[in-house]
Structure formats: C-alpha cells, structure tokens
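My entries follow the model sheet by sheet.

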Amino acid sequence: MSEFKIWECQVCAWVYDEAKGCPEEGLAPGTRWQDIPDDWTCPECGVGKADFDMVAISPSASSAVTAADPAATAAAGLEYSIWECQVCSWVYDESKGWPDDGIAPGTRWRDIPADWLCPECGVSKADFDMREVKRVAVTTALAAAQQAAPVVAPIVIIGSGLAAYNLVKEIRKLDSSSAIVLYTNDDGAFYSKPLLSTGFAKNKSAADLVSQSAEQMAEQYQLHIHAFSQVTSIDTQAKTVQVAGKAAQPYSKLVLATGANCIQPPLAGSGLDKVLSVNNLPDYGKFRAKAEGKKKILIIGAGLIGCEYANDLLQAGFQVEVVDPMPTVLASLLPPEASDSVEQALRGAGARFHFGTVVQQVTSEQDGVLVTLSDHQQIAADLVLSAIGVRPNTELAKAAGIATDRGIITDRRLQTSAPDVYAIGDCAQVENLVLYYILPMMAQVRALAKTLHGEPTQVQYGAMPVMVKTTLFPVVVNPPPRLADGRLAPGEWVIEQASSQGVKAIYRQGDQLLGFALTGNQVSAKAVLERQCPPLLV
C-alpha cells in the first residue's frame, strides 16, 4: 500500500494530507505534494508553495509523534506551572514534584493520578480546583552547560505572535545553539492569527486553533519562553529589558514583535461591556463564549477584518448587521465595481449594511443592546464586534527613546534607531510601509534571521497580493503603491471583467500594471497578474 505524507505550513500550521487532498481547492484525494501547481497558495494564510517551507511531518498517523530528541529537550529551557489548592492553599510546583507522594520532579499536573489527594487537606484532585498561579523557569542540562561557559547575552524577543515565532524558526535553520529568550503577555501558544476570522464557520474553539503550546515550542526550537510576563521598559544603553516582578534581562540583540492593537471607536452608552474586539486568541475565546446562544451580531467596520467576520458569522448562522462610514465594503482596498460585487454577495447571504454612518451609542437592553447610529437609526443586537482596524503597538519603543511614527521606524535591515534593536511584524514601519499581512512579515523574518546570524541582509518585498477570507465570494487584491501622503500612486483602475460572478480590475499607470483586484470567479487570474506587478520594495 502506498504511503501518503502530511505536510504542514510553517507560517500558520495548516496541514495538507496527501491521502485526503483538499477538494475545496480542487486537489483530489491522493494528490502528491510535488504534483500541486507551484502557484498554489495556502488556503488559510495565503503563503505561496514556492515561497515558504512545508515539512513532511508524518507518513502515517502512527508515526506522527516521534520521540523527542533528548538534546533538544535538554536545550529547551522549559517552564513549569505552579498550582494552588483552593481549599487549603497548598502549592504544587511541577518543577519540584512531590517526592513524599512518589511524584518525581518535572511531573506535570495532568500526569498526576486522578485519585491523588492533597497532602495537606485530603481533597482529591478531581474534586477541587487547582489554578496556575505563576510559571517558573527550569534550568536544563544544556542551560547549565551554557551558564558554565563564557556568558553571552541571548537574543531577546518581545512577543509571541506569528512574527516572533516564525523568526525563531528561521533563526534555528541557521543556528541551533544560540540562546533565545522570548517574553509574552499571554500563555505563548502558537496559533495562526488569520484563523481567528474563520473559526465560527468551522466551529473551532480557541483551544482548537492552537497548533503548539509554549512548552512544545520551547522544546522544538530550543528557546526559553517567559509566559504571562510583561516587559515594562527597555534600557538601550545597558542593553537590558525590565520585566514586571523580575530582574533585568540582558540582551545581545533585541527584537520587538509587539504587534498592533485594535483601534477602539469613541462610543457612549451603558452597553459597552457587550462591545468586543478580537485581536488575539484570548479575545477570540471571550467572543465565542459571549456569542454562545446569541442570534444577531452588529459589526462596526466593513474593511478587511469586518468583512471576514461578517462572512464567518453568516456561515455560522448568525444574523449580521454591518456599519461603516464609507459607501461600500473594502472601500480602501478595491475599486467601486469590485467592492460592490463583494457587498452584493454578502447581502445575498443575509448581511445588512448601513453605510455613510457611524455607531455613536450602545445601550444595554434586556440581554442585548440597542445601537444608535449618527443618522439616528437604531438597531437591536445581541453583541457588537468592533473591527475598524489596528494600530501598531509602539508604546514600549517610544518610552525607550526609539524612533516611532505610524509604527516603529526601521531601516531595510529591520534595525530601529537604537543599536542592536530590531522590529518586525505589525509593529514595524519599513521604508514608510506598515503592512499587516503574512507575506511581508515572512520576508522580514527571513532577512532578519540572516542579519542576526552575522549576514547583514536587507528585506525585500516582491508583489504582495492579499487574500481576503470572504469565502462566500473570494477576494484577492494586490494594492497599488501609495505616496507618502497616503494617496494612490498616479494611475487608474481599469475594469477588464465585471459580472455578478466576479470582477477583474487592473490598476495601470500607462502600460505599467501596478496592482489588481479580483473577486468571485476572477481570482484564478492571481498567479498571472502577480508576475506582472512590480516589487513593492527592492
């Protein structure tokens, strides 16, 4: 019997199983990886097959999990949890175990037998709550060896999103031994942020979206992760970061991957506790919990994120109302004809739009809210989702005296105004460009990994098409370049195809193609047009 391999996207962790294929992408069961066209793109994050690494992770289910490499495990710098009995406050530290009860050091809480009893009060594990109160770093054998060697400050990364973890992956391709320390405000789980706006239709919980835990990432990539750790300041002269409740952490190189924060609209009213934003996995989990059993969601914003959530919630069976001051959906990305085609498709699926107005007030009303618009319309809903955009998180850099503008300003090597301090991802402003997409982020981390390895490398952006995950009516756009003042570069949109099934629009400057917008059945033209577009940054 033939063996089929399973391949994993290293950007978003989407899995391709040769045995199952991907029928929705036209790939029949049994289609080998090498037989997939080179212009195919990951259906979750849009990274091209030829442009990013896919790895065969298992030829069969039985071999999907392999024994951990002891050296890698020793190098991991694992963190262990501390649990507290809610009856008597007795504390169990995973790193120390509880030898008196035959529980060896390093035994995880989940591995303690269910019939074990609290040594102090006798309450059983199954009968009382234990909570994670903090994490403690454990010095592994390799870490101890490194401490005995001449001290070299580690590479320190602030953040645990796709930019941070993909940088780690790229560094480890070049360097398997340099110390890497990562600080994150949350639990450090690895997940693909683009999947947050597709989770309802697929009935995915927050836990379902996690590809690997922080512990698994630490083991696999030999790094030390400080979860639930807030970096409060940076001293660029002393080359240290200060972490709340901990000693200062020295660095040899510092990478800011602090991401972007949701822009919050100025709203009044008594129902603001029912206005949510989704920018990370905990936000998504909270939104799912509050949406349980609800019927109608009002979305503020009809841009990329607003449209993706409208698409997702419609397919999950919700009634959806969308409010936006612009005249149509995706107005800043698409020409009017293309925008209209997407709008009509979403309307056909049940969405109701309110354009040319904004939300002013959200008032609690029974189990839901009453939303008042600036044009005096009032809309009843169960919840409100704010999706008006994001803004780079620059506060930490700015407080350290690092130059910022719309984002953290970097040169082409991703270095900020401070020596040995770099910025990547949604927080970075490179050559006046702040790009919140997967492709530029991957270009950044590949370039920076080489620079950190001693091979100074400038980031380059080719054509950067964006796939908008409106699966009810697909959209791919390669935005035309913009001038410093935000206006589009000179040129005009030319509509080459237009019907209820899709629109093909080309942005031309004379004979030069500068961008394109494709909707519906026209998205198949992406590969050809992408090759004709000029690079964004060379």
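Entry one, an open sheet. I looked up the strand order and found five strands in an open sheet, running E29-E30-E33-E32-E31, with antiparallel pairing. Strand E29 (466-468) and strand E31 (492-499) stand at the edges with a single partner strand each, so one side of each is left without a neighbour in the sheet. From one strand to the next I read an average twist of 20 degrees, where axes are lines fitted to C-alpha atoms, for helices over the stretch in contact, and angles run from 0 to 180 degrees between N-to-C directions.

A note on sources and terms. This is a predicted model, in which local features need pLDDT of at least 70 and side-chain atom pairs count only at pLDDT 80 or more, while totals for chains, interfaces and linings use all residues. Residues are numbered from 1 along each chain as its sequence is written, and side-chain values use heavy atoms, with hydrogens and water left out. I take strands (E, at least two residues) and helices (H or I, at least four) as DSSP runs numbered from the N terminus, and I call two strands paired if DSSP finds at least two bridges between them.

Tyrosine 507 has glycine 515 in E33 as its bridge partner.

Entry two, another open sheet. Here I found three strands in the order E21-E22-E23, with antiparallel pairing. Strand E21 (359-365) and strand E23 (378-381) are the edge strands, each pairing on one side only, and the twist averages 25 degrees from one strand to the next. Strand E22 (residues 368-373) pairs with E23 in the antiparallel sense over four bridges, and valine 371 stands opposite isoleucine 379 in E23.

I then looked up the partners of E19. Strand E18 (residues 296-300) pairs with E19 in the parallel sense over five bridges, with lysine 296 opposite glutamine 319. E19 also pairs in the parallel sense with strand E20 (residues 352-355), over four bridges, and valine 323 faces histidine 354 in E20.
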